[in-house]
Each structure stands twice: as structure tokens, then as C-alpha cells.
Amino acid sequence: MADLLSTQLLKLQCLVCETTGEACIESRFKLPRRAKKIAEIQARIVDLEADVIEGQVCVSGVVHKQIFFVGEDHHVHHVPEDVPFTTFIDCPGAKPGDVADVKANIAKVSFSLEWGQEVVQRVIVQFVVRVAEDCQVNVRLNPFGPRVKAECVVGEATKAVTIENIVELDRPAIKIRDLQVALEDVEAEATSDQVMFQGTLVKNIFFISEDDVEIFQEERVPFSGIADVPGAEPGDNVTLQAQIVRVDKVLSDGVELRQRVVLSLFIKVTRTCELNVAEDPTGPQVMASRVIATGERQVLVENVTDLNKPAQKIQEIQARVEDLAVEVIPNKVVITGTLHKQIFFVGEDDLVRHQGEDIPFTTFVELPGINPGDEVSITPVVEHVGFDLLDKVWVEGLGDDDEGRPVFRRLLQRTVILLCVTGSQEHPIRIAQAPFTGLAAG
């Protein structure tokens, strides 16, 4: 029973608020021609967005409608209409920065025809809103508990970065009125036991010139660095929070501005994992992706390529899977993707050449219990790339004998791809919490 006492530190979304709301969206629409009656109005919600403010969620979107009507010619015509809307839903405890998930359902569409050409409409929309915030919980595991897909915390690091530089002003200055600094394009990537980060400091410099005129000058300073995070591996997920903690500036000789910016970086490395958690009715309520089913499928992609130059031999074929897309149908997922390859070969002139190609593929995986709207994640692995050279011809001067040496014009390739698929549904769950482990939250 040792597994019942195991724990795992997880980065989760703790539920702040779950509530419902309703909006009545009214509109008047003039038809392009006179009508005898309205046959039908079909409506759906598109471009649904949610922004969290203090204690509320601002929900906006568009009601897209298709209006079918019988004209005076006794033919059925149709015309589209888009009605944007915004509504506020109370959500106690919600605050800016939290994450909101909103689902909308059209409960009722009513309408009437006035003056033979104007349609008065009323659409009742019901909303289900969930607001969650980032949290870090040391969770108890239970091999008999529900299986969830989550972010297992690998490690964290806090690093101070000092960026110093000198910029020459466009004209002599008597003083610096203001120096505004912002961060742009901050990125991070995990490597073995480390995280590499980079970004750009954008500086807005306001200074007073010698003729008492205020001048603006912009400067962009790239920066990069490495932070140690033991246990990190390539492919891990990295969250980086950067904060400007200090900005110093010194004007020298009226034209040189010496600057020093100190950044504080908080780095968290996580790894997507699946595990069985213990439930506790008194524990924290979190949003969890409960695993419905898992499956895998091997795909053989076979194709013949015309080489752009005759080849003596193939040096290497590099292959990876790109542009994966999924269509979910009951109990099954249809997967499409592209196999991208780079072919390196030795030409008849003994030079190494390369040729790229993209091969589309389609397959399906059985996932019992999966339905449209559920979440699907796919991990592709290129397991094998085999090949044979075709269309052999002999070229004189490439060998020591009179027959020369063979070269080939076409390439037969067989690539085996393993697709590991997980289907899950987002549900709130109360989990059993273990004692704090010492890592920072966030």
C-alpha cells in the first residue's frame, strides 16, 4: 500500500468561482425584400471571449443568425445577420489575471415580422462560467483514484539579471526627464538541467536638449541568459515571469546615457504527466483534465520521391511530424498531419545535397468514451525511416573501371510514425492535499 502515501507536486488551476448567467440579446433587422412570413431563424454563438475583472466576468461574442423567410414570390430566401453582444456575470472572488472558461447555449429564439420587412428578434443565451487561478498543490496519489492529465512540477529557479549599456543620444542633452523600460518577446526553453531565456528591453528615453526642447528616443536592447533547473529536460514546459526591479541612468558629457536595468526572473519547469490522484471532499477544488481513454496507432507513410539531382548514396533522412489536426467523433479521433523530411544525399559530383518534402497523412485511433468537445492531445514519434534508391543508371568517370559508377534518380521511403493519443474532459475535482514541500507557489 506504499502507493497510497505517494505524493506529486502539481501546477493546477484552482477553482475560484463557478456560476451561471443569462443574457437577452434583442435586434431589429430589415430584410432585403418584403416577406409574407418568417420561416425559421437559426442562431449560434461565435467569437466568444471572457475577461475577468474584479468580482465579475465580462463575456462578449457574436450571435450569428441565418434568417429564412418566404418572399412575396412564394420562394424561400435567406439572409445572414451578426449581432455583437457584451454582458457581465457576477463571480465572487474573481480578480484580474484569473482564467475564465465560458460555455454558451442558446435557450430560445423568438421573432416577429413588422411591416412585411422588419424582423424583431430576441435571443436568450445561457452561460456557464468557471474562473480559476494558478496554484501549486502537493497532491496525494492513489492508484484507484481518477486518472488526470496535469503539469508535474520539475523545478523552479529565481534569477537576477543585470543589463548594462551605453546609448548615444541623437543630440546633446542637459538632463534626462524620464526613462521608461518595458519587456518584449521574452521566451524560455528547457535544456538538460537548465533553462535558456531571451528577450528584449524596450526603452523610451525622454530628454531635454540644449535648446530646451524635449526629445524622444527609443532603444531596443536584446538580452539572454541561462538558469540552472536540475531535472529539466528538452521538451519540458517553461513558465517565466519577468519583473523590472530597478532602473539606473547617468548622463555623461551630455550625449552618452549609461543605463543599468535589473530584472528578477521566476522560472518554473513542468512536464505533462498522467497520474491517479486521491480525492478528498474537504480538499481544494481544482480544474482537472480527467483521462477518458488512451490509445496509439502506428502509421506507415510510404512514398517515392524524384530526386532533384542523381544520387550516389543517401547520407541521412531527417523526419518529423508537423501540423497535427484532430477531428473528434463518438469513440474515435481522426488525425491528419504532415510528415516533413530533409533528405541529404551525395550527388554524382561528390557534393552533399539536400532536398525537402512534405507528405500529408491521415489515420484514426479508437478512443472509447470520447465525444466531440472533449480534449485530445497527441504525441508523435518517428520510429523508423527506411529507404531504397531506384532507377539506377551508370555514369562514366565516377569509377575506376570502364563501367563507371551507378547513380539513382528516385528514392523509395518507408516511415513509421507512432501516435500516442489521450482523450480527456475538463472537470472540477476536490483532491487530497499533502503537506507543503518547500517549493514556491506561482
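**Pocket lining**

I began with the lining of the largest pocket, where β5 (99–114), β6 and β17 (405–430) each supply at least two residues. Strands here are DSSP runs of E with at least two residues, numbered from the N terminus. My note on sources: this is a predicted model, in which local features need pLDDT of at least 70 and side-chain atom pairs count only at pLDDT 80 or more, while totals for chains, interfaces and linings use all residues. Residues are numbered from 1 along each chain as its sequence is written, and side-chain values use heavy atoms, with hydrogens and water left out.

For pockets I worked on a 1 Å grid over the protein atoms alone: a pocket is an open set of points where a 1.4 Å probe fits, with protein on both sides within 12 Å along at least five of seven lines, and lining residues have an atom within 4 Å of a point. The volume is the space filled by probe spheres set on the points, which are joined across faces, edges and corners.

The largest pocket came out at about 280 Å³. I found 16 lining residues, with Asp 101, Lys 103, Arg 130, Met 287 and Glu 426 nearest the centre. The lining divides into 5 nonpolar, 5 polar and 6 charged residues.

**Second pocket**

Next I looked up the second largest pocket, with a volume of about 190 Å³. Its lining includes Lys 11, Asp 134, Lys 149, Glu 151, Met 287 and Glu 426. Two or more residues each come from β1 (7–30), β7 (147–168) and β13 (285–329). β7 gives the most, with 4 residues. By class, I noted 5 nonpolar, 2 polar and 5 charged residues in this lining.

**Nonpolar core**

Which residues have the most contacts inside the largest nonpolar core? They are Ile 163, Leu 169, Phe 197, Leu 201, Ile 205, Phe 207 and Leu 263, in a core of 26 residues. I used the rule that a core is a set of buried Ala, Val, Leu, Ile, Met, Phe, Trp, Tyr and Cys residues joined through side-chain atoms within 4.5 Å. Buried means under 20% relative accessible area, exposed over 50% and partly exposed in between, with a 1.4 Å probe and protein chains only. β7, β8 (173–191), β9, β10 and β12 (256–276) each supply at least two residues of this core, and β12 gives the most, with 6.

**Aromatic rings**

I then turned to the rings and found 2 aromatic pairs. Rings of Phe, Tyr and Trp (its six-membered ring) pair if their centres lie within 6.5 Å; planes under 30 degrees apart are stacked, over 60 edge-to-face, and the rest tilted.

Phe 85 and Phe 127 make a tilted pair, 6.1 Å centre to centre with 40° between the planes. Phe 85 lies in β4 (residues 76–90) and Phe 127 in β6 (residues 118–140), so this pair ties together parts 42 residues apart in sequence. I have Phe 85 as buried at 7% relative accessible area, and Phe 127 as buried at 1%.

Phe 206 and Phe 216 are also tilted, at 5.3 Å and 45°. Phe 206 is buried at 19%, whereas Phe 216 is partly exposed at 44%.

**Charges over a ring**

Last, I checked Phe 364: Arg 297 lies over its face, 4.7 Å from the ring centre. The charged end of Lys 332 sits over the ring of Phe 364 as well, 4.7 Å from its centre. My cut-offs were NZ of Lys or CZ of Arg within 6 Å of the ring centre and within 35 degrees of the ring normal.

Key: Nonpolar A, V, L, I, M, F, W, Y, C, P; charged D, E, K, R; others polar.
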